[in-house]
Amino acid sequence: MSIPYISFINILKNAKSILENPLPFHKKNFKKYGDTFGAKLGFGNSILFTKDNGLVNHILKTNHRNYYKSPIQSKQLAKYIGNGLLTSNGEYWLKQRRLIQPAFYKKKLEGVKAIINTVIEKELADLPTNTKIDLRPIMSNLAFKVVGQSLFNYGEDEKAIARLQEITEQVQVAVIKEIRQTYKYWWFLINGHISETKKLASEARSILQSLIEKRQASSKNHDDLLDLLLHSKYDDGSHMTMDQLIDEILILFVAGHETTANALSFGIMLLSQNKTAQQQLFKEIETINFEKLSIMDSFKTCTYTKQCIDETMRLYPPAYFSDRIAIEDDVFNNNNYKKGSTFLISFYELHRNPNVWESPEIYNPNRFGDAITKEQLTNYFPFGAGPRMCVGSNFALYEMIVVFGKLLKQYAVTPEFETIHIKPLITLQPKNAWVSLKKRCL
Ligand code: HEM
């Protein structure tokens with residue numbers, strides 16, 4: 001079987017709209033060409049777009065050893081945020097994953113539960129009521145502080161962490177511009193775009209270095225993720241070097257902040273539109289004291305809240321695509337994929353497949369209840385799949401349960417928008433996260 005390709009001329013003709021929002025372009029071409037199609041990108045480069053569930057599971061799970069993160073992550077993103085868990089490949093990735101993953105087990109996260117709850121409580125305390133507010137910056141600050149405090153349990157370093165937030169946000173905007181316009185790479189080199197972004201990235205690295213050095217000089221126990229990372233050892237008993245620590249921490253900031261902020265914003269927008277779901281969630285969390293409940297028990301108790309989160313990320317997966325490159329020739333379903341074939345996997349389209357999800361455009365948290373099917377679960381990728389699945393999924397889910405719980409306990413939420421508009425950057429963001437909050441009488 002041969003895979004249909006879109007010409008480079010066609011890509012150039014649509015460049016402006018692709019830069020703004022590539023999702024309609026993907027949708028149109030999936031409809032026209034089927035579940036997998038290619039696009040020529042100039043200079044002999046091309047990319048394959050897929051929403052073929054069989055192929056996606058083959059790439060991410062069954063034959064994952066043949067598929068590395070493509071240069072989109074391992075080079076374009078890594079040149080700014082370093083060679084860490086998200087951007088590395090092969091043996092090095094495996095070594096880092098084995099070292100870092102234990103810090104994110106539910107039991108270990110109990111250690112930062114109090115930090116997470118305190119930050120959320122503080123960030124939600126004095127939100128403006130009875131007026132239109134934009135959830136995006138509120139959730140972005142909240143999610144950044146949750147990751148920042150869990151990593152550094154900082155007190156007096158608030159300014160440094162705020163600067164890190166500015167930088168990581170600017171770097172993400174710069175990276176998406178490069179990814180969507182790969183054919184302009186030389187121009188970006190000449191016009192200073194790349195060197196300016198590198199300068200920002202090295203400022204972020206210096207900030208992190210001084211925070212880590214300060215910690216290394218301290219004899220106190222801080223009960224945060226940095227303590228865990230500093231004490232974790234490779235099989236030979238050695239620790240991460242300063243450069244490795246900086247790479248991994250920068251990556252945890254980048255991977256853990258925007259994604260969670262977007263899921264929270266979309267989730268609250270959807271609840272504001274769906275009063276029945278909002279009421280049902282409120283009933284579930286009304287009497288819960290998250291500070292007292294273990295992380296494990298929060299998952300067990302807040303089942304409907306979790307369903308609302310699952311349904312939010314089905315409709316609006318913050319990581320709406322991923323990329324892989326074949327490191328050797330491969331065959332799947334009678335199609336030959338040459339070494340070097342690069343794939344863009346559309347989680348967004350997979351989550352809206354009408355053959356798997358009834359009325360896929362409709363928000364219905366109940367579909368994640370007991371009746372969820374195996375087929376649906378294998379078509380659901382909010383945190384990716386296979387060995388490279390999100391290392392922070394427990395952290396993110398717990399954070400989201402607590403934010404939904406604490407927010408809806410205090411406030412009733414009403415929409416200040418007609419329909420949800422999206423802004424697909426490196427992550428999928430809402431464009432118009434406007435709601436108003438009304439204090440509940442407790
Ligand atoms: C709602 C929030 C989140 C979403 C939707 C999300 C989604 C994802 C997805 C889809 C992947 C796999 C990417 C791929 O296969 O190419 C991933 C990987 C990753 N995520 Fe998350 N993530 C979230 C929160 C977090 C948090 C809170 C952290 C850490 C604090 C984190 C750290 C990472 C890291 C380090 C990786 C790379 C794992 C590896 O390759 O071994 N994420 N995430």
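Predicted model: local features only at pLDDT ≥ 70, side-chain atom pairs only at ≥ 80, totals over all residues.
I begin with the overall division. Domain 1 consists of residues 1–81 together with 320–350, and domain 2 of residues 82–319 together with 351–439. The centres of the two domains, taken over C-alpha atoms, are 25 Å apart. Where they touch, domain 1 contributes 29 residues and domain 2 contributes 34 residues.

Let us look at the side of domain 1 that touches domain 2. Two or more residues are given to it by each of these elements: helix H2 (15–20), strand E2 (36–42), helix H4 (53–62), helix H5 (71–81) and helix H17 (347–350). Which element gives the most to this side? That element is H5, with eight residues. By class, this side of domain 1 holds 16 nonpolar residues, 10 polar residues and three charged residues.

E4 runs antiparallel to strand E6, residues 321–326, and two bridges join them. Within this pair, Tyr-67 stands opposite Ala-326 of E6.

My next topic is a pair of helices. Helix H7, residues 106–125, packs with helix H19, residues 393–410, at an angle of about 35 degrees, and their axes are 10 Å apart. The crossing of H7 past H19 is right-handed. On the H7 side, the residues making the contact include Leu-109, Ile-116, Ile-120 and Leu-124. On the H19 side, Phe-395, Tyr-398, Val-402, Val-403 and Leu-407 are among them. Lys-106 and Glu-121 of H7 also take part, as do Glu-399 and Lys-406 of H19. Taken by class, the contact of H7 with H19 has nine nonpolar, three polar and four charged residues.

Finally, I come to the ligand. How many residues surround the ligand? There are 23, and the closest are Gly-256, Thr-259, Gly-384, Cys-390 and Gly-392. By class, the shell divides into 15 nonpolar, six polar and two charged residues.

Thank you for your attention.

Terms used: Residues numbered from 1 in each chain as written. Domains from an automatic or database assignment. Contact = placed C-beta atoms within 7 Å. Helix = DSSP H or I, 4+ residues; strand = E, 2+ residues; numbered from the N terminus. Nonpolar A, V, L, I, M, F, W, Y, C, P; charged D, E, K, R; others polar. Axes fitted to C-alpha atoms, helices over the stretch in contact; angles between N-to-C directions. Left-handed = near helix turned anticlockwise from the far one by under 90°. Near = placed C-beta within 6 Å. Pairing = 2+ DSSP bridges.
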